[in-house]
Each structure stands twice: as structure tokens, then as C-alpha cells.
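User: I would like to go through this model with you, one region at a time. Could you take my questions as they come?

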Amino acid sequence: VGDREAIKRIAYEFVEDKAKEGVIYVEVRYSPHFLANTKVDPIPWEQAEGDLSPDEVVHLVNEGLREGERAFNIKARSILCCMRHMPNWSMDVVELCKKYRHEGVVAIDLAGDESLNCEANPGHRRAYEEAVCCGVHRTVHAGEVGPASVVKEAVEVLKAERVGHGYRTLEDQDLYKELLAQNMHFEVCPISSKLTGACDPDFTKHPVITFRKDKANYSLNTDDPLIFNSSIHLDYSTAHKYMGFTEEEFKRLNINSAKSCFLPDDEKEELLHRLYEAYGMLQSTAF
């Protein structure tokens with residue numbers, strides 16, 4: 001926090017870690033305001049006033065990710081987080097998304113305490129309205145620990161294109177069926193969901209099993225890998241061991257992940273081609 005060299009280095013080493021895990025494309029999310037010590041009110045973590053703004057934080061992270069991309073030959077993009085308990089930061093976040101949309105930032109997110117809904121915090125709603133107007137991609141943490149109504153708000157009020165976690169959507173079957181019909185993408189994090197208490201600690205009862213059976217559009221992700229001491233391999237192996245996931249299902253969810261990513265269309269097609277090629281799914285054009 002407030003350390004330029006550390007922020008850039010962490011971004012670089014994040015890409016290194018993902019490359020070692022076999023990832024070819026990653027979207028990493030963070031709150032730039034939580035790493036700053038000026039031009040943010042209040043200054044987080046009881047820091048003294050410094051000279052590192054949220055804007056410069058994003059610039060440094062972008063630099064670290066780009067250097068990591070070049071060094072480890074994978075693609076890394078970022079998503080900037082609004083925080084539910086800090087609605088006064090949210091317009092700053094969407095402006096940073098707009099400023100850096102061609103330098104690695106691909107979307108806006110809303111994270112934090114789901115009991116703080118957007119009716120009580122109009123700053124988030126205004127930020128997401130601006131994101132819609134300016135074509136900034138949108139995802140929202142919803143239905144992780146909060147009720148299905150938070151997911152409904154994310155989709156209908158904030159116009160989320162993806163739902164972070166979304167497990168509690170299953171409590172409202174009408175909403176769930178509606179989102180299935182819309183091909184809404186759920187960002188599922190098995191290891192995280194156990195350690196945060198979001199889901200039953202018995203992995204054989206995890207909501208993603210229902211998503212799998214219903215052929216929902218979802219991805220498997222690693223949430224807070226440093227805090228939870230996890231990796232994408234651990235999330236995948238857990239799904240395989242306890243949730244009935246097959247190689248075919250991993251292929252399907254990875255293809256859905258690529259289709260639902262926030263890359264521009266041409267880069268998305270290139271990513272999908274790499275997956276189809278790796279999975280032996282390219283259609284022959286030979287006569």
C-alpha cells in the first residue's frame with residue numbers, strides 16, 4: 001500500500017504465478033483506492049497522507065502486468081473494483097476504467113458487503129449507469145453470501161454481464177431459470193466459497209454441481225490465492241474429486257469462460273481458437 005515498486009512488482013509476479021499454473025489468459029481484479037494514499041477519502045488503512053493516487057496505482061499495475069505478459073508469454077487484463085461500503089469511490093473507479101480501457105483495464109466490478117444494496121448507495125448505481133453509457137464491461141459480486149435479490153439487483157439495476165459467485169441465485173428458481181435462458185455467466189470459486197462460509201463446507205453439495213448439471217455458463221476461478229493459499233489447480237482438482245467434473249466439462253467451462261471474457265472480439269476469437277486447437281476441436285476445412 002502506497003509503495004510504487006511493490007505494487008508494480010506484485011502485478012508482474014502475479015502474471016508469473018499464473019503462467020506457472022498453465023493459464024493463458026487471466027483477468028485480475030483489485031481496488032485501486034485500497035492501494036493509494038492520496039486523492040482518496042478516507043485514506044485507507046490509517047495511512048498518513050502520501051503521494052500515490054488511485055490513478056497512478058492503476059498505471060503501475062498496468063505496467064507490471066504488461067512486463068509480465070512479455071516475460072511469460074500469457075495475456076493479463078484487469079478489472080477495477082468498487083467497494084460496497086465506499087460508494088463515494090465508485091465514480092472515480094468508472095472514470096479510471098474509461099481512461100485505461102485501451103491499456104489493460106477491461107471492466108468494472110462491485111465487491112464487499114452484500115447487505116449494502118444499491119438503493120441505499122446510489123453512488124454505485126450512477127457509476128454503473130456511466131459504465132453502460134460508455135461501453136465499459138460490468139461484473140458484480142452477488143449471491144456469494146447475500147440473498148438472490150442481490151443477484152437480481154446486479155443484473156437488472158447495475159446491468160451486470162457476469163455475476164461474481166452467484167450461488168444464492170438457486171434460492172430463487174424463477175431468477176435462476178431466467179439467467180440460464182440469458183446465458184448469464186457465473187464466476188465460481190470453489191475453494192474460496194468454503195473458506196468464506198459462502199457454501200456448505202461439503203464440496204459434494206456445492207451449488208456449482210447444479211450449474212454443471214444444468215449446463216449453465218460459468219467458470220472456475222481462484223479467489224484471493226494468497227489469502228486462501230490456493231491455485232487454479234486446487235480449484236480444478238477439487239471440482240474433479242468431489243463434484244463429478246470430467247475432462248469434457250472442463251473443456252466446456254473453459255470455452256464458456258473464453259466466450260464470456262471481456263477481451264475485444266478479435267482477441268476473444270484468437271483465445272477461443274487456441275482452446276479449440278488445444279482440445280482437438282478445430283473443424284477441418286479439407287475436402
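User: What covers the buried residues of α5?

Analyst: The cover includes β4 (137-142), β5 (162-165) and α6 (173-182). The buried residues of helix α5 (residues 148-156) are A148, V150, V151, E153, A154 and V155. Buried means under 20% relative accessible area, exposed means over 50%, and partly exposed lies in between (1.4 Å probe, protein chains only). Helices (H or I, at least four residues) and strands (E, at least two) are DSSP runs numbered from the N terminus, and contact means heavy atoms within 4.5 Å.

User: Before we continue, what are the ground rules for the model?

Analyst: The model is predicted: local features need pLDDT of at least 70, side-chain atom pairs count only at pLDDT 80 or more, and totals for chains, interfaces and linings use all residues. Residues are numbered from 1 along each chain as its sequence is written, and side-chain values use heavy atoms, with hydrogens and water left out.

User: Fine. At what angle do α11 and α12 pack?

Analyst: Helix α11 (residues 247-259) and helix α12 (residues 265-278) pack at about 170 degrees, and their axes are 9 Å apart. Axes are lines fitted to C-alpha atoms, for helices over the stretch in contact, and angles run from 0 to 180 degrees between N-to-C directions. The two helices are therefore roughly antiparallel to each other. Angles over 145 degrees count as roughly antiparallel, under 35 as roughly parallel, 65 to 115 as roughly perpendicular, and the rest as oblique.

User: And which residues make that contact?

Analyst: From α11 they are N254, I255, A258 and K259, and from α12 they are K268, L271, L272, L275 and Y276. By class, the contact of α11 with α12 has six nonpolar residues, one polar and two charged. Nonpolar covers Ala, Val, Leu, Ile, Met, Phe, Trp, Tyr, Cys and Pro; charged covers Asp, Glu, Lys and Arg; the others, Gly among them, count as polar.

User: Now α3 and α4. How far apart are their axes?

Analyst: The axes of helix α3 (residues 90-99) and helix α4 (residues 122-134) are 8 Å apart, with a packing angle of about 20 degrees. That makes α3 roughly parallel to α4.

User: Left-handed or right-handed crossing there?

Analyst: α3 passes α4 in a right-handed crossing. A crossing is right-handed if the near helix is turned clockwise from the far one by less than a right angle, and left-handed if anticlockwise. On the α3 side the contact involves S90, M91, V94, E95 and K98, which meet G123, H124, R126, A127, E130, A131 and C134 in α4. The residues of this contact of α3 with α4 divide into five nonpolar, three polar and four charged.

User: Switching to E27: buried or exposed?

Analyst: E27 counts as buried because its relative accessibility is 17%. This residue is part of strand β1 (residues 25-30).

User: Which side chain does its own side chain make a polar contact with?

Analyst: The partner is the side chain of R162, at 2.9 Å. A polar contact is a pair of N or O atoms within 3.5 Å; within protein, one must be able to donate a hydrogen and the other to accept it, and residues adjacent in sequence count only if both atoms are side-chain atoms. Leaving aside residues up to four places away in sequence, E27 touches R77, I79, V106, R162, C261, F262 and L263.

User: What about P190, where is it?

Analyst: P190 is in helix α7 (residues 190-195). With a relative accessible area of 0%, P190 is buried. Not counting residues up to four places away in sequence, P190 touches F203, H206, L220, N221, D235 and M243.

User: Last topic, the backbone. Which peptide bond is cis?

Analyst: The bond from D41 to P42 is cis, with omega near -5 degrees. P42 sits in the loop between β1 and α2 (54-72).

User: And what is the phi of K159?

Analyst: K159 has a positive phi of about 60 degrees, although it is not a glycine. K159 lies in the loop between α5 and β5 and is partly exposed, at 44% relative accessible area. D224 likewise has a positive phi, near 50 degrees, and lies in the loop between β7 (217-220) and α9 (225-228). Most residues other than glycine have a negative phi, and most peptide bonds are trans.
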